[in-house]
Amino acid sequence: MAIKFQYNKTSQQLLAKQLKVRERALPTLKNKESALRVEVKKAKDKATELEKELKKELSLYDDMMRLWGEFDPSLVSISDVELTSKKIAGVQTPILNKVNFEVRDYNMFERPSWYPDGIAILKKLIEIALESEVFERKMNLLDFARKKTTQKVNLYEKVQIPGFQDAIRKIKRFLEDEENLSKAAQKIVKTRQENMEVAS
């Protein structure tokens with residue numbers, strides 16, 4: 001990205017302002033980036049932990065597989081998922097508050113006695129799976145924001161700040177050279193006038 005400027009004081013002042021804005025923003029952006037990095041890791045760890053918990057819970061019921069064949073999964077459905085959101089390092093992230101289930105009526109005398117336990121197990125598994133999904137979503141949102149912040153940090157640090165500093169240096173040099181030339185020209189004119197006065 002080439003920084004456009006003119007070789008004059010106004011352009012130099014404008015560039016100095018732009019530079020100051022970026023130099024002030026950079027530490028904040030770096031803090032945001034590291035905060036997001038920490039939060040991404042936390043969300044990822046939690047999602048992984050929930051996936052492991054789900055696998056562990058499922059393995060507990062392996063010996064019930066034969067029984068699950070008798071179970072009617074249509075008895076349990078999700079009626080509502082209550083989500084709220086929380087801002088983390090400036091990013092809105094989802095939080096699972098509650099999963100509301102609807103359990104269809106069934107005849108307890110016609111169904112196996114373990115059905116109420118089966119319903120409770122199913123609810124628990126669904127809650128863990130949903131929470132894992134929410135943390136996965138949270139991680140993706142935070143990671144996207146982290147990448148954008150990292151890009152901005154790199155842009156400021158590696159491109160814009162050095163670019164503005166270089167442009168300001170060039171203008172300063174140009175203005176100094178111009179001033180020196182002007183002084184030298186004035187000296188020449190003055191010397192000429194003095195020589196002409198001496199000659200006359």
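**Note on the predicted model: salt bridges, cores and surface**

1. Lys124 is partly exposed, with a relative accessible area of 36%. This is a predicted model. The side chain of Lys124 meets that of Glu57 in a salt bridge, 3.2 Å from N to O. Lys124 lies in helix α3 and Glu57 in helix α1, so the pair ties together parts that are 67 residues apart in sequence. Glu57 is buried, at 10% relative accessible area.

2. Now the wider count. The structure holds 13 salt bridges. Side chains of opposite charge can pair when their charged atoms come close.

3. Asp72 and Arg104 form another of these pairs. Their closest N and O atoms are 3.4 Å apart. Asp72 lies in the loop between α2 (65-68) and β1, while Arg104 lies in the loop between β2 and α3, so the pair ties together parts that are 32 residues apart in sequence. Asp72 is buried, with a relative accessible area of 19%. Arg104 counts as partly exposed, at 42%. Asp72, Arg104 and Arg111 are linked in a network of salt bridges.

4. Asp143 pairs with Arg146 in a salt bridge, with the closest N and O atoms 3.0 Å apart. Both residues lie in helix α3, 3 residues apart, about one turn of the helix. Asp143 is buried, and Arg146 is buried too.

5. Glu39 also deserves a look. Its place is in helix α1 (residues 9-60). Glu39 has 19% relative accessibility, and under 20% means buried, so Glu39 counts as buried. Leaving out residues up to four places away in sequence, Glu39 touches Ile88 and Leu142.

6. Next, the nonpolar cores. The largest has 17 residues, and those touching the most other members are Tyr61, Met64, Trp68, Phe71, Val76, Trp114 and Ile121. Helix α3 gives the most, with 7 residues. Tyr61 is in contact with Trp68, Ile121 and Leu125, leaving aside neighbours within four places in sequence. A second, separate core has 13 residues, including Leu15, Leu19, Leu29 and Leu175.

7. Last, the surface. Ile78, Val81 and Leu83 form a nonpolar patch there, with about 230 Å² of accessible area together. Val81 is found in strand β1 (residues 76-88). At 33% relative accessibility, Val81 counts as partly exposed.

Notes. Residues numbered from 1 in each chain as written. Predicted model: local features only at pLDDT ≥ 70, side-chain atom pairs only at ≥ 80, totals over all residues. Heavy atoms only, no water. Core = buried A, V, L, I, M, F, W, Y, C linked by side-chain atoms within 4.5 Å. Buried < 20%, exposed > 50% of the residue type's maximum accessible area, 1.4 Å probe, protein only. Helix = DSSP H or I, 4+ residues; strand = E, 2+ residues; numbered from the N terminus. Contact = heavy atoms within 4.5 Å. Patch = residues over 30% accessible without salt bridge, like charges linked within 9 Å, V, L, I, M, F, W, Y side chains within 5 Å. Areas by Shrake-Rupley, 256 points an atom, 1.4 Å probe, with all protein chains shown as cover. Salt bridge = Lys/Arg side-chain N within 4 Å of Asp/Glu carboxyl O.
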